[in-house]
Amino acid sequence: MSFPLRVAAIYATFSVLWITLSDQLVETVFPDSITSIQTYKGWGFVFFSSLLILVLLSRELQRRNRAEAKLQASSRQLTKLSQAVSQSPVAIFITDLAGTIEYVNDAFIRTTGLLREEAIGAKPQLFRSAKNAGNLITEIENTMMQGGSWEGELINQRKDKTSYWVQSGISPVRNDEGQITHFLNIEEDISLRKAQANRIKHQANYDSLTELPNRFLAMDRMSQAINVAIRHQQTVVVMFVDLDNFKQINDSLGHDVGDQLITLAASRIRETVRQTDTVARYSGDEFLIVLTDLANADDASRVAEKVLSMLAAPYRIDGRELSLTASIGISLFPEDGQDPYELLRHADAAMFGAKDEGGNRYEYYSAEINRAAVERMEIEQRLRRALENDELYLEYQPLVDLATGKVCTVEALLRWNNPALGQIPPNQFIPLAEATGLILPIGDWVIREALTQLSDWNQQGLNDFKLSINISPRQFSSPTLTRTIAEQLHSHEIAGERLELEVTENLLMRNQQETKKTLKQLRDLGISLALDDFGTGYSSLSYLKSFSFDTLKIDRCFIKDLLEHPQDQALVNATLTLADGLGLNTVGEGVETPEQRDYLRQQGLKVAQGYLYSRPLSPEQLESFLKQL
C-alpha cells in the first residue's frame, strides 16, 4: 500500500474511533463542564490527529532517507563495478540467454580486434576458432543450459584470423528472484604463457642443435613402443649409432664444423627411417633409432645398411669435403631385453663390438659383445684407482742416431699392470683415460716420474741424451701444463734442453693461436718439440711451416711394409725431403729390420726407433743398455 493510502486509512480509522469514543472520554475527564464538551472534543481531535500525522510523516521520511542512502551506495558500487569491468585488463563480454552478446569491455576490443558494433548482437562463434575440439563447445553449451559455471582453455581467432589461447570462465548472472538472465564471460589471453610452456617442454624433450628428440623423450617412446609390442606381439628394434672418428674431426676442425656435421648426419638418419620411427640424439655424436611394427626382424639389417650408406656419402662444409662413417649396435625386444634400459645397454655393447671390428658396420647384440662391454667398464673403473694404487709405471725406449749409432733420446712410455687384470695394453687404457679426463692427473704423474728418473740418471753420469715425453691433446690444452713442467725442471735442476715433448698432429687443427702460444712458452724453457704420428691424421704438410717443431716422427704404419709397398716409399721419401728442407730432425718409428734401417738412412732419415735396437726397457735395463754402448 502506498504512503498516501496508508495515511488516509489510518486517519479515517482514527476519526471513526474519535467520534465513537470522544463523548464518553470528555465526560470522564471534564464532568462539570458539559457545556464545553464540544470545544474540548474539537481541540482534542486537532491535537491527536496532528500528532498522528507527525509520527506517520517522520517514519516515512526516515524510511525514504534510508532507501535513498542505500540507493546512492548501490549506485556508487555499480559505478565502480562498471568502471572495473570496462577497464579490466582481461576481456569481458555479457550475453543473453540465447548467447547474443550485449556488452563487451575495452580489453575485449583490443584483444579480438573487433569493433564494438561488430561484436554487439553477434554470437561468440564470431571469434571462436575452429581449432577447438568439436565436443568442447557442446560441453560449454550443456553446462550453461544447466545453470552451471565453466572454466577451461579455448582457442580464439582475432579479426585478422590469427589464433590465440585464452583462459575462459563463464558464469550465470541471476536476478533477485534467482532466475538466470545473462551469462558473464571472462577471458584472459594466455598465448605467451602457452608459448613459454611449450618452449620449456620442447627444450626438455628435444635436442637444441638437431631438433631431434633427446634421450629422455627417446626412452619414453621406447617404453611406449614396448607396451604396444607386448599387446600385439611385435618386435621393437633399438639401434645405437656412434659416428666414427667424430672427436678427431671435431678437435681438428673446430666445434662449428663439428656442429654442422652433427646436424647434417642427424638429417640423413631421419630421412632414412619412417615417420612412425624415432630418431633421437643420445649425446654428442651418438644417436638412437627405435623401429616399431616391422614385418620381419631382418628388416633392421636393411635399415642399418641404409643408414651406413647415407652417412658415408661426402659432406661439404665451409668448402671442405669431409667423410664420415658410423658404428651401429642393434638389440631386439623381446630377445635381447625386456625394458628400455636393458635394450639400450645391449645396443651400446653391440655398437662397441662394431667399433672393435673397425667401424663402418653394424653388429647385433650377443653375449660375447656384452662380455667385451663389461670388460671395458671394468678397465675404466680400475683405471680410476690405478694412480693411488701405484699400478702405473714407465718404460723407456732408446732412439738411435743413424750417423753415430749412439742413443740420442729415450722415450718415456706409460705402462699399467693391474693385479686383477694383468698387463693392459696402452691402446686400451690411454684412449679411455683421454675420454674420461683421467689423462690429466696421469699426464702430470708421467712428467714428475720421468723427470725424477732423468735426475737419477744425471747423478749416475748418464747425461748425453734427451728425454722424450708424450703429451696428449687434452693435456696440452691444460692451462697448468707449462707451469707444471717448469716447476719440475727447476726442482730437479734439469735444463730444458734435456727435454723433448711429443704431440700429435691433430693438435695443430685446434685453437691455433693458443697452440702457438703454448708451444712458444715451452720453447722459451729450452724444450724441443716433436710432431708424433705424422701422416695419420687430417693435417697437411703445409702446417709444418706455421709451427715451431724440431723433430718429425714418421709413424710406424708407413715403415712396417716400406720395402713391399711403393706407395709407402713415396710418402716416406716426400716427408723426409720436406723435413730436410724445413730443417727438421726426422725419426722413423717401428724400425725392425736392417733392410728398413738401410733404406731409411739412404733417404736421409736421421734417427731410428724400434725393436731392431731395443724394446721398451725398465730404468735399470736401460742403464745397462746405455753402459754397454
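Glu-153 stands opposite Gln-167 in β4. That is where I'll start. This is a predicted model, where local features need pLDDT of at least 70, side-chain atom pairs count only at pLDDT 80 or more, and totals for chains, interfaces and linings use all residues. Residues are numbered from 1 along each chain as its sequence is written, and side-chain values use heavy atoms, leaving out hydrogens and water.

Back to the strands. β3 pairs with strand β4, residues 163-174, in the antiparallel sense over eight bridges. Strands here are DSSP runs of E, at least two residues, and helices are runs of H or I, at least four, numbered from the N terminus. Two strands pair if DSSP finds at least two bridges between them.

Now the whole sheet. Five strands make an open, antiparallel sheet in the order β2-β1-β5-β4-β3. At the edges sit β2 (101-104) and β3 (150-157), each pairing on one side only. From one strand to the next, the twist averages 30 degrees.

What lies across β3, β4 and β5? Helix α6, residues 191-205, at about 130 degrees to β4. Axes are lines fitted to C-alpha atoms, for helices over the stretch in contact (heavy atoms within 4.5 Å). Angles run from 0 to 180 degrees between N-to-C directions.

Next, Thr-551, in strand β19, residues 551-554. Is Thr-551 buried or exposed? Buried, because its relative accessible area is 5%; buried means under 20%, exposed over 50%, partly exposed in between, with a 1.4 Å probe and protein chains only. Leu-584 is 33 residues away along the chain, yet the two C-alpha atoms are separated by 5.3 Å. Beyond neighbours within four places in sequence, Thr-551 contacts residues including Glu-500, Leu-529 and Val-587.
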